[in-house]
Amino acid sequence: MSLRHANYFYYELSEPLMFMVCDIQTKDVYWYSVQIDDKLEAKIIEQVNTNKESLQVSIPSLNILNEENFDRFLLELEESRKAQIHKHKTKINANANYDL
């Protein structure tokens with residue numbers, strides 16, 4: 001994905017975002033929780049420092065969207081929402097000016 005999009009999805013987007021990938025042969029659908037990927041922030045920083053314009057993410061093979069995993073999918077969706085709220089609050093507090 002482009003570095004610009006990765007940065008926006010991870011840091012700025014206020015709503016949870018899930019990438020969905022479909023294997024046409026098996027008809028399996030996989031999900032990737034962009035905002036709670038604990039490796040994505042380091043990848044973004046590394047790509048910025050090396051002047052790259054894109055990065056690659058890995059979708060866990062266990063993230064098959066099916067009845068068995070649906071509760072885990074919903075949990076990750078909720079975790080993504082909470083992560084974005086926290087990032088947004090942290091950004092607001094970091095930019096606040098308390099000078100009188």
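Student: Which residue in strand 2 is the bridge partner of Cys22?

Tutor: This is a predicted model, and in it the bridge partner of Cys22 in strand 2 is Val29.

Student: How do you know that strand 1 and strand 2 pair?

Tutor: Two strands count as paired if there are at least two bridges between them; strand 1 (residues 18–23) and strand 2 (residues 28–33) have six bridges, in the antiparallel sense, so they pair. The hairpin they form has four residues between the strands, and Lys27 takes a positive phi near 65° there.

Student: What puts the buried residues of helix 1 on the same side?

Tutor: In helix 1 (residues 3–12), the buried residues are Leu3, Ala6, Phe9 and Tyr10. They cover an arc of only 135° around the axis, and therefore lie on the same side of helix 1.

Student: Which residues make up the largest nonpolar core?

Tutor: The largest nonpolar core has eleven residues in all, among them Leu3, Ala6, Phe9, Tyr10, Tyr32, Ile44 and Leu55. Helix 1 and helix 2 (40–49) each supply at least two residues of this core, and helix 1 gives the most, with four residues. Leaving aside neighbours within four places in sequence, Ala6 is in contact with Met1, Ile44 and Leu55.

Student: Why is the charged end of Lys87 said to sit over the ring of Tyr10?

Tutor: The distance part of the definition asks for NZ of Lys within 6 Å of the ring centre, with a further limit of 35 degrees from the ring normal. The charged end of Lys87 is 3.3 Å from the centre of the Tyr10 ring and is listed as sitting over that ring.

Methods
Residues are numbered from 1 along each chain as its sequence is written. This is a predicted model: local features need pLDDT of at least 70, side-chain atom pairs count only at pLDDT 80 or more; totals for chains, interfaces and linings use all residues. Side-chain values use heavy atoms; hydrogens and water are left out. Buried means under 20% relative accessible area, exposed over 50%, partly exposed in between (1.4 Å probe, protein chains only). The arc is that of the directions from the helix axis to the C-beta atoms. A nonpolar core is a set of buried Ala, Val, Leu, Ile, Met, Phe, Trp, Tyr and Cys residues joined through side-chain atoms within 4.5 Å. Contact means heavy atoms within 4.5 Å.
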